[in-house]
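The sequence and the model are shown first, and the description follows.

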Amino acid sequence: MSWQGRGHLAMLLFSALVAGSFSLGSLAANEIAPAALNAVRFLIAGCVIGAAALATGGIGRGAFHAPWRYLVLGGLFAAYFVLMFEGLKTAAPVSTAAVFTLTPIMSAGFGYALLGQITTRRMGIALAIGALGALWVIFKADWAAFLRFRVGQGEIYYFWGCVAHAIYTPMVRKLNRGERPVVFTFGMLIAGFVILTVYGWSDICATDWAGLPGIVWITVVYLAIFASAATFVLLQFSVLHLPSAKVMAYTYLVPSWVIGWEIILGHGAPGGMILVGVALTVVSLLLLLRNEH
């Protein structure tokens with residue numbers, strides 16, 4: 001299999017793992033401050049990735065040249081996750097997942113600005129279809145609400161987090177100097193943990209860690225291992241072999257995966273009109289993949 005093919009497989013798994021963070025995150029979002037939760041998840045994920053890096057070739061001195069790179073990337077992802085959990089306090093999982101699907105079109109813009117990556121006409125059409133599907137879900141298939149542009153506060157918070165995520169994707173390729181994805185991820189996670197600890201120190205101290213509901217710890221462990229450690233490596237591997245817009249195109253599968261998670265967790269499926277918007281995001285992904293050659 002080619003390196004591009006492996007990049008696509010990595011992003012398929014990425015989208016499935018990311019989807020779980022929306023459904024589980026919505027159950028824990030109101031039980032703990034976002035900065036405190038994410039500081040712990042970055043710490044656990046950093047330990048896991050650090051151990052993996054040491055076990056698969058070690059961490060050379062060269063990896064820590066220009067440490068400011070990790071602060072930039074860690075800051076962007078820390079902002080993304082804090083804003084995500086602020087959004088999940090009030091927004092539904094499928095709705096926030098739909099907001100997440102706006103990142104490909106933003107990533108294409110930042111990819112052009114930072115890396116000079118060109119978005120073809122077909123890719124532009126596919127991204128537009130995906131954005132339309134996302135807006136359909138965000139506004140709950142309510143045309144009048146769309147014309148009034150009435151968006152929930154949770155969706156607004158998360159949108160700005162997605163802007164940070166869209167910048168992060170091309171920045172990985174721009175700032176990577178040949179470091180292995182697992183090593184580069186480790187540096188970013190440690191930097192993110194430091195930033196979140198400084199930013200959320202008061203929340204960390206105020207949290208009754210021993211009294212937290214079990215769902216919070218389940219969410220923290222899932223986020224740290226599957227939605228952080230694993231997805232960070234998958235994402236950074238993929239952006240080294242695929243254009244930023246195509247990497248982020250896989251976010252169009254996230255609402256579909258979230259629907260599956262919601263059904264498994266006993267929350268039921270969204271209405272048929274909402275599924276129309278989700279279907280548009282899947283069509284957009286297929287169009288982008290057809291543009292591979």
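Which residues in α1 meet which residues in α3? The structure described here is a predicted model. In α1, the residues concerned are Ser21, Phe22, Gly25 and Ser26, and in α3 they meet Tyr80, Met84, Phe85 and Leu88. By class, this contact of α1 with α3 has five nonpolar, three polar and no charged residues.

**Helix α1 and its packing**

Helix α1 covers residues 3–28 and helix α3 covers residues 68–88; the two pack at an angle of about 55 degrees, and their axes are 9 Å apart. The crossing of α1 past α3 is right-handed.

With 26 residues, α1 reaches 37 Å from its first C-alpha to its last, close to the 38 Å expected at 1.5 Å a residue. Of the 26 residues of α1, 19 are buried, so this helix is largely enclosed by the rest of the structure.

| Helix pair | Packing angle | Distance between axes |
|---|---|---|
| α1 and α3 | about 55 degrees | 9 Å |
| α4 and α8 | about 35 degrees | 9 Å |
| α2 and α9 | about 155 degrees | 8 Å |

Helix α4 spans residues 93–100 and helix α8 spans residues 153–175. Their crossing is right-handed. On the α4 side, Ser95, Thr96, Val99 and Phe100 meet Glu155, Tyr158, Phe159, Cys162 and His165 in α8. The residues of this contact of α4 with α8 divide into five nonpolar, three polar and one charged. Eight of the eight residues of α4 are buried, so α4 is largely enclosed by the rest of the structure. The buried residues of α4 include Pro93, Val94, Ala97 and Ala98.

Helix α9 consists of residues 181–199. The angle between α2 and α9 makes the pair roughly antiparallel, because over 145 degrees counts as such. The crossing of α2 and α9 is left-handed. Residues of α2 in the contact include Ala35, Phe42, Gly46 and Ile49, while those of α9 include Val182, Phe186, Leu189 and Phe193. The contact of α2 with α9 divides into 16 nonpolar, six polar and no charged residues.

**Individual residues**

Where is Ala66 found? Ala66 lies in the loop between α2, which covers residues 34–55, and α3. The phi angle of Ala66 is near 55 degrees, a positive value in a residue other than glycine. Ala66 has 17% relative accessibility and therefore counts as buried, the limit being under 20%.

Is Ser202 buried or exposed? Ser202 is found in helix α10, residues 201–206. At 53% relative accessibility, Ser202 counts as exposed. Ser202 and Thr120 are 82 residues apart along the chain, and their C-alpha atoms are separated by 47 Å.

Val282 belongs to helix α14, residues 272–290. With a relative accessible area of 25%, Val282 is partly exposed. The C-alpha atoms of Val282 and Leu253 are separated by 6.0 Å, although these residues are 29 places apart along the chain. Leaving aside neighbours within four places in sequence, Val282 is in contact with Tyr252, Leu253 and Ser256.

Methods. Residues are numbered from 1 along each chain as its sequence is written. This is a predicted model: local features need pLDDT of at least 70, side-chain atom pairs count only at pLDDT 80 or more; totals for chains, interfaces and linings use all residues. Side-chain values use heavy atoms; hydrogens and water are left out. Axes are lines fitted to C-alpha atoms, for helices over the stretch in contact, and angles run from 0 to 180 degrees between N-to-C directions. Helices (H or I, at least four residues) and strands (E, at least two) are DSSP runs, numbered from the N terminus. A crossing is left-handed if the near helix is turned anticlockwise from the far one by less than a right angle, and right-handed if clockwise. Contact means heavy atoms within 4.5 Å. Ala, Val, Leu, Ile, Met, Phe, Trp, Tyr, Cys and Pro count as nonpolar, Asp, Glu, Lys and Arg as charged, and the others, Gly among them, as polar. Buried means under 20% relative accessible area, exposed over 50%, partly exposed in between (1.4 Å probe, protein chains only). The expected span of a helix is 1.5 Å times one less than its number of residues. Angles under 35 degrees count as roughly parallel, over 145 as roughly antiparallel, 65 to 115 as roughly perpendicular and the rest as oblique.
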